[in-house]
Amino acid sequence: MTLVRSTFIANAAAALFVTAGLALAAAPACAAPKAKPKPKAAAPAIAGDPVHGQTVFAQCKVCHSLDAGKNGVGPSLRNIVGTKAAAVPGYTFSAAMQKSGLTWTPPTLSDFLTAPARKVPGTKMPFAGLSNPKDREDVIAYLAKN
Ligand code: HEC
């Protein structure tokens with residue numbers, strides 16, 4: 001009986017070791033897919049302060065809403081970060097914007113917002129631009145949250 005029990009314990013212990021070994025061996029394999037960047041993570045990281053960005057956005061609000069489908073003088077900027085230029089439904093873009101081929105990532109937005117008419121010659125966005133890099137960074141951080 002004692003012998004049987006100790007054999008059982010030995011077997012159970014061995015089984016535990018095997019299980020632990022398998023778990024250890026499996027661990028890196030499990031971790032590997034997590035290490036791969038998700039499609040969203042591949043986009044440049046958004047720096048900037050969205051709280052200050054909201055203040056900067058006061059300059060854009062005259063023409064832009066952040067509500068989906070609410071276009072004004074300019075298109076709604078709801079979820080604009082990561083989308084293609086001139087793709088907001090129900091808004092008539094300039095030919096220049098339609099042909100720009102841009103995708104609104106933080107760098108392209110920053111370029112555009114520095115001097116809209118320089119980045120997209122012929123754009124109908126009547127806005128001189130944000131010369132302060134921090135203002136651009138922050139307003140982009142704010143847009144990324146809306
Ligand atoms: C006086 C009005 C006006 C102001 C102010 C203004 N915009 Fe615009 N914006 C427009 C118009 C009009 C367009 C469409 C441009 C076109 O079709 O060429 C536009 C287009 C855009 C686009 C491209 C949208 C798309 O779907 O491709 C972005 C991004 C944008 N504006 C951001 C901003 C931000 C950020 C501010 C503030 C810093 C701002 N705009 C200030 C009128 C304005």
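Guide: Two residues are in contact if their C-beta atoms, placed from the backbone, lie within 7 Å. This is a predicted model, in which local features need pLDDT of at least 70 and side-chain atom pairs count only at pLDDT 80 or more, while totals for chains, interfaces and linings use all residues. Residues are numbered from 1 along each chain as its sequence is written.

Visitor: What pLDDT does the protein chain average?

Guide: pLDDT is the predictor's confidence in each residue, from 0 to 100. The protein chain averages 82, and 69% of the residues score at least 70. Over residues 6-32 pLDDT stays under 50, and the model has 0 contacts there beyond four places in sequence. Where pLDDT is low, the predicted coordinates should not be read in detail.

Visitor: How many helices and strands does the protein chain have?

Guide: Helices (H or I, at least four residues) and strands (E, at least two) are DSSP runs, numbered from the N terminus. The protein chain has 7 helices and 0 strands. Among its contacts with a separation of 6 or more, 50% join residues 24 or more positions apart.

Visitor: Which residues of helix 5 are buried?

Guide: A residue is buried if 20 or more other C-beta atoms lie within 10 Å of its own, exposed if 12 or fewer, and partly exposed in between, with C-beta atoms placed from the backbone. Of the 146 residues of the protein chain, 20% count as buried. In helix 5 the buried residues are Pro106, Leu109, Phe112 and Leu113. They lie on the same side of helix 5, because they cover an arc of only 130° around the axis; the arc is that of the directions from the helix axis to the C-beta atoms. The buried residues of helix 5 pack against helix 6 (116-119) and helix 7 (133-144).

Visitor: Which residues in the largest nonpolar core touch the most other members?

Guide: A nonpolar core is a set of buried Ala, Val, Leu, Ile, Met, Phe, Trp, Tyr and Cys residues joined through C-beta atoms within 7 Å. In the largest one, of 17 residues, they are Leu109, Leu113, Val139, Ile140 and Leu143. Helix 7 gives this core its largest share, 5 residues. Leaving out residues up to four places away in sequence, Ile140 touches Ile46, Gly48, Val81, Pro106, Leu109 and Ser110.

Visitor: Is Gly82 buried or exposed?

Guide: Gly82 lies in the loop between helix 3 and helix 4. Gly82 is exposed, because it has 12 other C-beta atoms within 10 Å. The C-alpha atoms of Gly82 and Pro106, 24 residues apart along the chain, are separated by 8.4 Å.
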